[in-house]
Amino acid sequence: MTIDWAVSGWGRPGSALAVGSGRQGLGLLARWCRSTGISTVLAPAFCCTTMITPFWLEGMSVRFVAVDERLVMDADSLRTARAGHDGPVAVLVARTGGSGPSPRLRAELAATRRDGGLVIDDATHAILADTASGARPSWCDASLASLRKLLPVADGALVHVRDGIGLESDLAVPGQNPPGEVLALRGDLPVLARGEPQRPFPSGAGRYLDALARAEAHFDESLSPTAPSTVTRRVLGDLDGDALARRTAQNAHVLAGALSGSGARMINPGVPGPLLLRTTRAPAIDAELAAHGIFSPMDWTRPGAVDAALWPGDVLALDTRPIAGLDDAAMHDWLRFTAEIIRKWD
Ligand SMILES: Cc1ncc(COP(=O)(O)O)c(C=O)c1O
């Protein structure tokens with residue numbers, strides 16, 4: 001399956017829209033919330049600041065809700081948060097590590113929607129699973145996925161909304177450049193030039209990291225909706241989403257196999273996305289992996305507004321994306337090496 005439909009804009013089943021970044025997509029959804037009178041969003045306490053900023057920028061009040069063992073919003077905590085608020089709310093559910101809402105959370109989300117609230121799915125970590133299965137979650141009103149976390153692109157995001165949610169009026173700001181279409185220096189990622197032994201970055205992967213850095217440097221300056229960059233649209237048009245999902249899942253499977261029986265708890269083995277572990281040694285292991293050139297795919301620092309007691313400090317995120325130019329056998333060897341480093345901490 002290709003996802004070339006993603007670049008065609010509105011009019012496809014489920015109203016799909018491609019924009020320049022996840023922030024832009026979330027900003028559109030935040031504006032829609034405001035236009036319907038919703039001014040509070042309940043967000044997962046384990047989150048990336050960039051997921052939350054668009055709601056703050058629209059003047060919404062953000063309240064943080066505890067996550068469960070799998071790092072997805074906790075159902076009881078959502079119920080408590082809703083009970084403490086009068087009027088409809090938006091609930092942002094992040095499918096962190098590709099894990100979906102528990103049955104109890106789904107029931108709570110259904111109650112939120114019955115009460116006039118809006119449920120937004122952040123599918124950034126689930127985009128490959130959704131692409132491969134062709135499925136869209138039915139428990140939400142809108143789904144948003146930043147693309148550059150799992151797909152080989154430097155910018156772009158997809159937004160799907162159910163019928164009745166109109167984002168069109170906020171689109172089309174002429175003269176805006178997509179964030180991925182600007183220049184920055186390779187020096188944006190200086191850490192890649194230090195430390196031995198290094199992860200075997202083929203030159204293609206190095207160029208990709210450069211492009212990511214160029215885009216990232218301009219994401220916060222490009223919050224008005226744009227299209228994804230020209231290159232991203234071309235890549236999406238040619239991308240074999242099934243093959244990418246299969247290879248990513250296979251990498252996750254190899255890594256999970258090599259870690260099986262270790263002291264770390266794996267919370268999403270086999271998912272075509274980052275492999276997430278929970279271990280009290282996470283910060284030290286993360287630092288040792290980085291010294292070998294193995295970088296976490298989730299650079300999530302606790303936003304100042306999130307209570308430290310709600311923040312899980314024991315999460316280790318491991319990259320399972322294929323590396324451009326590296327064949328699967330070499331990638332699997334590298335993942336087994338990664339597992340050896342982690343197992344030393346048992
Ligand atoms: C889960 C998640 N959602 C949304 C975003 C925002 O996406 P973008 O960086 O494309 O603006 C991020 C960014 O890191 C993220 O991790």
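This is a predicted model: local features need pLDDT of at least 70, side-chain atom pairs count only at pLDDT 80 or more; totals for chains, interfaces and linings use all residues.
**View 1: Helix 2 and what its buried residues pack against.** Helix 2 covers residues 49–57 (helices are DSSP runs of H or I with at least four residues, strands are runs of E with at least two, and both are numbered from the N terminus). Its buried residues are M51, I52, P54 and F55 (buried means under 20% relative accessible area, with a 1.4 Å probe and protein chains only). Look down the helix axis and these residues fall within an arc of 150 degrees, so they line one face of helix 2 (the arc uses directions from the axis to the C-beta atoms). They pack against helix 1 (22–35) and strands 2, 3, 4 and 5 (contact means heavy atoms within 4.5 Å). After helix 2 comes G59, with a positive phi near 80 degrees.

View 2: T96 is buried, at 2% relative accessible area. Leaving aside neighbours within four places in sequence, T96 is in contact with F46, R70, L71, H125, L276, M298 and W300.

View 3: Strand 8 is joined to strand 9 (residues 275–278) by 2 bridges, and R265 stands opposite R278 in strand 9.

**Notes.** Residues are numbered from 1 along each chain as its sequence is written. Local features need pLDDT of at least 70, side-chain atom pairs count only at pLDDT 80 or more, totals for chains, interfaces and linings use all residues, and side-chain values use heavy atoms, leaving out hydrogens and water.

Technical notes
Two strands pair if DSSP finds at least two bridges between them. Buried means under 20% relative accessible area, exposed over 50%, partly exposed in between (1.4 Å probe, protein chains only).
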